Structures are given as C-alpha cells and as structure tokens.
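This report describes one protein model for a reader new to structures.

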Amino acid sequence: MKSQEHIAPTPQIPPLVANRYWQATLDRDSQADGSFVFAVTSTQIYCRPSCPARRPRRINTVFFRTPQDAEQQGFRACRRCRPNRLDPAVTLVRQAAAMLAASHDDPFRLSALASKLHSSPAQLRRAFHRVTGLAPKEFEQAFRLRKLKELLRSGSSITDALYACGYGSSSRLYEKTNSHLGMTPASYRKGGEGMKIGYTIGNTTLGKVLVASTDRGVSAVYLGENEKELVNALREEYPKAELLRAEHGHDEWLNEILRRVEGTAPNMELPLDVQATAFQRRVWNELQKIPRGATRTYTQVARALGRPRSVRAVARACATNPVSIVVPCHRVIRTDGTLAGYRWGLQRKQKLLEREAERAR
Ligand SMILES: [Zn+2]
C-alpha cells in the first residue's frame with residue numbers, strides 16, 4: 001500500500017463513530033451530509049457521504065468532522081460532490097433537528113431555538129420551509145409524532161412513549177394526536193388493534209365502492225369490481241382492527257361519496273379519520289382545493305406547496321391516498337397531459353375526469 005504513510009491521524013473520531021461514518025459512506029446517505037466528510041488517502045480527495053463516486057477501500061479512508069479539518073490535512077475537495085459547499089439552510093435545519101431531538105422542551109419556542117443557533121426566527125422559518133417544506137412548528141410536531149409512532153408500534157406503553165417524546169401530560173398527547181394522527185394512541189398501536197372500523201359497499205356506474213369509517217370520520221374509500229378484494233385491501237391497511245360490515249351506519253357519508261363518484265357536486269363536508277404524515281396531509285389538503293372539472297399536474301401541486309422539487313414525493317402522496325374521491329387524487333395528471341397511474345385503474349380515472357368535466361359546466 002503506497003498510501004499507507006499518508007493516513008492522517010484522526011484522534012478526534014472514536015472508532016465506533018468511524019464505523020458509523022463508514023456505513024453512511026457505503027450507503028451514500030445524504031442525511032449524513034454535513035455531519036462529516038470522508039477522505040481518500042490514495043487520491044488525497046475528500047467527499048461528502050452522498051458522493052456518487054466509487055467507494056474507496058476502508059483502509060484508504062479517513063473521516064473528518066468538517067471540510068476544514070480535511071483541508072488542513074492536505075486533502076482537496078471532490079469536484080463531483082463539492083463537500084466544501086454545503087447549503088447553509090441544510091446545516092441550519094440539521095442543527096435545529098439535533099437540538100429538538102436532544103431537548104424535551106414543551107412548548108416549542110421558535111425564537112428560543114433561533115437564538116440558540118445564532119439565527120433569527122425569520123431565517124429559521126425560511127430554511128425549514130425550503131429544506132423540509134414545513135414550518136418549524138409543523139416540523140417539530142411531525143418529528144415528535146414520528147418518534148411517538150415508532151415507540152407505540154414497538155410496544156411501549158402509552159405513558160412511557162408519552163414521556164419519551166416530551167409531552168407533558170396524557171391529556172395533551174390525546175389532544176394533539178387526535179388531530180394529527182387521526183387516531184388516538186391506543187388505537188394506533190399495533191395496526192389498529194382495539195379499533196372499530198365499519199364499512200359499507202355501494203354500487204356505482206364505476207363498479208363497487210367500499211367506504212370505511214370510524215365514529216370520527218371516513219378512513220378509506222376504495223373502488224373496484226370485486227367486494228372481496230376491496231375488503232382484503234382494508235384488512236391489509238388495518239390488520240388488527242375490528243372490521244364490521246355495517247348495513248346501516250354512516251349512510252349519509254356513503255351517499256355523499258356515491259354522488260361524487262357520479263361527478264355530481266359535493267353536498268356536504270366529509271370528516272376524515274386517516275393516518276398521515278405532515279407532508280401527506282399537506283398534499284391531500286392541496287388536492288382538495290382542485291375544483292371539480294379541473295386538473296393539476298404533479299409539478300403544479302409541488303409548486304403550490306412551495307416545494308417545486310418535491311414532484312416525486314407529491315406523486316407518492318397521491319398514490320398512497322387512502323380516501324379516493326374525497327381527496328381527489330384522480331385530478332392530478334402528468335405535465336404532458338397523460339393520466340399517470342391510479343390505484344383503482346386508469347379507466348376509472350379517465351371516466352371520473354370526463355364526467356366531472358361534463359357536470360361542472
Ligand atoms: Zn465526491
């Protein structure tokens with residue numbers, strides 16, 4: 001190994017941390033960008049973790065926390081990944097996230113967070129919006145809820161999960177999660193265990209429609225030919241929930257959805273009870289603003305959300321919409337005018353759009 005003598009001593013990076021950095025390097029983990037750089041002793045070049053270039057051998061690799069450290073040791077910045085040009089907004093958001101993770105402060109104060117980061121609330125708000133598409137407050141809530149969901153799924157008790165996430169009291173947790181998760185923590189646990197979901201199947205000119213709901217709102221709207229397949233899809237979504245076929249339940253919700261399938265104007269607001277990430281919720285809200293008879297492209301929706309580069313994420317949020325028709329994901333099409341996909345079949349999407357266009361006139 002001709003480069004052996006060039007291996008720079010890096011006493012500041014403990015071996016266990018270096019192992020983690022190496023894994024992130026192998027994974028080309030863009031989330032790790034900004035927390036370290038790796039340098040290659042055989043080429044004297046250093047890179048950010050996500051660099052697309054071929055991975056070096058472990059023995060030729062050293063890690064530094066900052067680009068400056070690497071340059072002090074004589075390494076040059078890679079021209080492909082530009083590790084010395086990290087976006088300052090990304091750095092700021094990353095630092096803020098680390099602080100939120102470490103603190104259990106409740107309530108969240110933007111001004112306090114900004115001053116700890118030597119930034120201003122306005123600057124922080126802009127950085128969050130550009131990097132995550134969320135306001136800092138929304139990010140903080142989504143961040144906590146994600147942690148909470150993980151804990152509940154892994155079987156922690158509600159009280160333990162609650163304190164681990166920094167919620168001050170049980171009632172506050174229920175207050176927040178009712179509006180954000182769409183389910184109380186108890187029913188969120190383990191695939192909807194302990195949850196009661198009623199469903200009805202109606203006939204339309206587009207085939208069968210399954211409408212599932214809890215006491216609080218509509219949880220699923222599926223379209224298809226085969227009742228059994230529709231019920232199986234619901235079972236997959238809520239493997240542990242108690243599913244009850246209700247002949248009479250929320251008839252007014254079913255009737256409203258049947259009207260909309262036929263392209264008729266909405267007659268009432270439909271309450272929703274769905275699980276969603278903060279981003280999915282934003283996309284679905286945006287879709288509900290598309291007027292009947294009109295369409296938008298994925299790009300237009302991404303722009304309307306202030307996230308012009310998140311076209312794929314928008315498409316994913318459309319594809320995972322559990323309440324078709326009510327959240328009209330069928331009104332989103334490709335920029336070239338083609339329909340793109342639809343979970344319930346392209347023909348149905350086409351027909352929905354045609355009849356909405358006709359009846360909206
Ligand atoms: Zn590179």
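Along the chain, the donors of the zinc ion follow the spacing C-x3-C-x26-C-x2-C. The model is predicted, so local features need pLDDT of at least 70 and side-chain atom pairs count only at pLDDT 80 or more, while totals for chains, interfaces and linings use all residues. Residues are numbered from 1 along each chain as its sequence is written, and side-chain values use heavy atoms, with hydrogens and water left out.

**The zinc site**

The zinc ion is coordinated through the SG atoms of C47, C51, C78 and C81, at 2.3 to 2.4 Å. Donors are N, O and S atoms within 2.8 Å of the metal (3.2 Å for Na, K and Ca); water is not among the atoms, so sites may look incomplete. The angles subtended by the four donor atoms are 105 to 122°, which makes the arrangement tetrahedral. For four donors, that word requires all angles to lie between 85 and 135 degrees. The ideal angle for four tetrahedral donors is 109.5 degrees.

Buried means under 20% relative accessible area, exposed over 50%, and partly exposed in between (1.4 Å probe, protein chains only). C47 is buried because its relative accessibility is 6%, and C51 is buried at 0%.

**Salt bridges**

A salt bridge is a side-chain nitrogen of Lys or Arg within 4 Å of a carboxyl oxygen of Asp or Glu. The count by this rule is eight.

| Pair | Closest N to O distance |
|---|---|
| E227 and R245 | 2.9 Å |
| R259 and E256 | 3.9 Å |

Salt bridges that share partners join K208, E227 and R245 into one network.

Helices (H or I, at least four residues) and strands (E, at least two) are DSSP runs, numbered from the N terminus. An α-helix has 3.6 residues a turn, so residues three or four places apart point the same way. E256 is buried because its relative accessibility is 2%. R260 is also buried, at 14%, whereas R259 is partly exposed, at 29%.

**Helix α12**

Seven of the ten residues of helix α12 (residues 278-287) are buried, so the helix is largely enclosed by the rest of the structure. The buried residues are F279, Q280, R282, V283, W284, E286 and L287.

**The second largest pocket**

On a 1 Å grid over the protein atoms alone, a pocket is an open set of points with protein on both sides within 12 Å along at least five of seven lines; lining residues have an atom within 4 Å of a point. The second largest pocket is lined by 15 residues, of which R260, P266, Q288, V326 and P328 lie nearest its centre. This pocket holds about 320 Å³ of space, a volume being the space filled by probe spheres set on the grid points.

Methods. Tetrahedral: all angles 85-135°; square planar, octahedral: opposite > 155°, others 65-115°. 1 Å grid on protein atoms, 1.4 Å probe; cavity = no way out; pocket = protein on both sides within 12 Å on 5 of 7 lines; lining within 4 Å.
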